[in-house]
Amino acid sequence: MPLCTCACTMALPPSGHSMHSWTETLRSLTNSGSYGHALSTFNDMCGSGVSPDKFAFPAVLKAATVLQDLNFGQQIHASAVKLGYCCRSVAVSNSLLNFYGQCGDSLDQVFKLFDGMPQRDQVSWNSLINALCQYEEWEFALEAFRCMQLELVEPSSFTFVSITLACCNLDRKRGIRFGKQVHAYSLRFDDGNAFTNNSLMTMYAKLGRIDDAKTVFDMFANRNIVSWNTIISAFSQCDRFDEALECLLMMKDEGFMPDAVTISTVLPACSGLGLLNLGKEIHAYVFRNDDLVQNPFISSALVDMYCSCKQVISARFVFDNIVNRKLELWNSMLAGYTENGLFMEALALFMELILVSNLLPNPTTISCVLPACAQCEALEGKEALHGYILKLGFGRNTYVQNALMDMYSRIGNIKSSRLIFQGMETKDVVSWNTMITGYVISGYHEDALFLLSKMRMSDLKARESSGFNENINTLSKVNAVTLISALPGCAALTALAKGKEIHAYSIRNALERNVAVGSALIDMYAKCGCLDKARGVFDLMPFRNVISWNIMIMAYGMHGDGVGAMNLFKEMVSQSHRNGDLKPNEGTFIAIFAACSHSGLVDECMLLFQRMKEDYGVEPTSDHYTCIVDLLGRAGRLNEAHEIIDTMPNQHDKVRAWCSLLGASRIHKDVHLGEISGLKLLHLEPNVASHYVMLSNIYSSAGLWGKANQIRKNMKDSGVQKDPGCSWIEFEGKVYKFLSGDQSHPQSEDLYQYLEDLHSRMKAEGFVADTSCVLHNVNEQEKERLLCGHSERLAIAFGILNTRPGTTIRVAKNLRVCNDCHSATKLISKIVDRKIVVRDVKRFHHFEDGACSCGDYW
């Protein structure tokens, strides 16, 4: 009776055909890839009355394995048992072991077969070890390898390939230890086989030992194309792009031509180094080889390369010329659009994918399109995409959940982000980092720092449960991205103690050498008022990129040290002659212009502005023009500032420049220009409260109460609300928040009494309140009372009452410090003999012994 009812689609051998002929036909079909025909032929052979022998079974089992036909393979197994070949033929048993290892639904059958074999050879052990690796039973695979040695069975290159794979998947420390033992054992057999050496290189690379992988590569002579691809991929994946490209050149010198794997692994190196021209050369090579042009891996890598080099049009050209577009290619193009800020294009492509391609999105697709959805202002109803994701069945995918949290945070719906985070079955480190970042960008800085503490506690509990095994990498272990996400929260709240704690953690865990972490630490210290500590971190960084330099220049600027900023800029320019990657960019000039503005370095800044395009190749943007308007406005040269706005190219956004002119008009009491800029802003941005407030204040200061009241009425009628003045101060690891006129703090009564007593002492010293800062039509005594309730004064009073004498008081405020509070704080610093550091929305003020670091120029 035949084993199955498959119809035979090939010509049958003639009647009376010998067993040998049947077996040779089976082998021929299997070797040529005609696996379905092989099964049909085996079926016909059994139907013709010819019993398969020990040579036929391995051939047909190979076909069943490739086709993953478990049912047919089990019937073949039954036939082999019936004919006694499982006990008599090691080859048949080995084929069955391989079949169940590749197609079975559990290891039970594999173990049962292996234990029942009267004889085992090298292939038997290799099949068992390979099956264990297929089921990701890495420890069992290593144990089987030990047993193989105890039975004195010599390993082959296939053995080493499987065992190195097992070592790759152990924790790093144990993987390296066992991997080196396997490597040494292979040398005992003088195994110079390319398969073995390639697998050793892959093992070392995956375990982070790239130099060891390169040593293996250098030490064997019979390298093949796989060897070269392996080492190029190893260098590329660990961001050692220069060495990856060097290997490509060496490979060509030795006569090996790049294949599809080579191209797809070397293109990321071009992306990482920004080598657009080399990427184009590789593209040209692909174009000249017909077998590479339509390769899906190469096309995806080309799209990634062009998008990384900001050549999105070229990327789209590649995309459009691929006939059979795989989903990975769509994902690459979507990611490229999003990374380059082309959010509408990304959404349009996503719709094309859904409606035209007949492909279904996967979690990677969704994670590419969600950032575009969040950033695209023209798209309404962004939450609807969440419902579509649930219909696709990706609602519990961690990758997608992380992207959803990020989207909700960026559209201001932090509550939904929190709900997704709290409902996640498994939170990985990206989940924690995304939620912390969401809190920071939404302004919930206290929540961000609290969540960081919870993350560290979660990590501690996980390590406790593992017996503090240093090889265990928990899902909540704080990494460099965590620190980069949390440090802006410390900066925003002036939480210096928390920032120092994070800095200490980065040192203990060797994260401070990360250039992004170092840059974030500089920013944190600078915004917490510690310019010297910021410079200390900057000086100790082993590598500084242009962002590090820009942040340090900006730090000098916000502390009013324009000369220090200018000197650092000159040092950067000097180093850029030796390091081409360090050229000043748009951000550099924004930083130096802001520094000059806060320090009154008008002439130096104007000269730099006029030469920035010619000398440094940087085209002025609207942000640069805004800085120049701010510079001239602070210096009282308001008409020149107005002329700068009028000369700005039409394509530039002038809103922020008008804001700077409005602020300067308020400082210098220029009602005419203040009215021009204020009315212009109310037309451009009618929903921004600060425009109404500033213009109303200009009118109030000039005694134009009618116009001031009309502006405030318009603001109320428009439903626009002003952000209240708010200040923060850190004490004993906790951040305390004060609002203007705040009565909610437990110490409020003591604070107001202290400020009243302090005000009396200040008046005795000759202090006269600047009541022009109170923009309400009330009597002078009431104005003085209102000034004493400003948020920064409450925070300063809290600091004085709760810290030891001589302790520096550090306060952050969300608005500009008013003239009266500035004068008052100078005198307070002298009376209480304290250094008081106040950071307002624009810059730092270091008050000490009756003076301010800004020199009253702010």
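Tutor: The charged end of K427 lies over the ring of F421, 5.1 Å from its centre, where a charge sits over a ring if NZ of Lys or CZ of Arg is within 6 Å of the ring centre and within 35 degrees of the ring normal. This is a predicted model, in which local features need pLDDT of at least 70, side-chain atom pairs count only at pLDDT 80 or more, and totals for chains, interfaces and linings use all residues. Residues are numbered from 1 along each chain as its sequence is written, and side-chain values use heavy atoms, with hydrogens and water left out.

Student: And what sits over the ring of F217?

Tutor: That is the charged end of R223, 4.3 Å from the ring centre.

Student: Switching to ring pairs, how many aromatic pairs are there?

Tutor: The count is 24 aromatic pairs, taking rings of Phe, Tyr and Trp (its six-membered ring) with centres within 6.5 Å, and calling planes under 30 degrees apart stacked, over 60 edge-to-face and the rest tilted. One of them, F42 with F57, is tilted, at 6.1 Å centre to centre and 55° between the planes.

Student: Is F42 buried or exposed?

Tutor: F42 is buried at 0% relative accessibility, since buried means under 20% relative accessible area, exposed over 50% and partly exposed in between (1.4 Å probe, protein chains only). F57 is buried as well, with a relative accessible area of 0%.

Student: Which residues are in the cluster linked by ring pairs?

Tutor: The cluster consists of F569, F589, F593, F609, Y616 and Y625.
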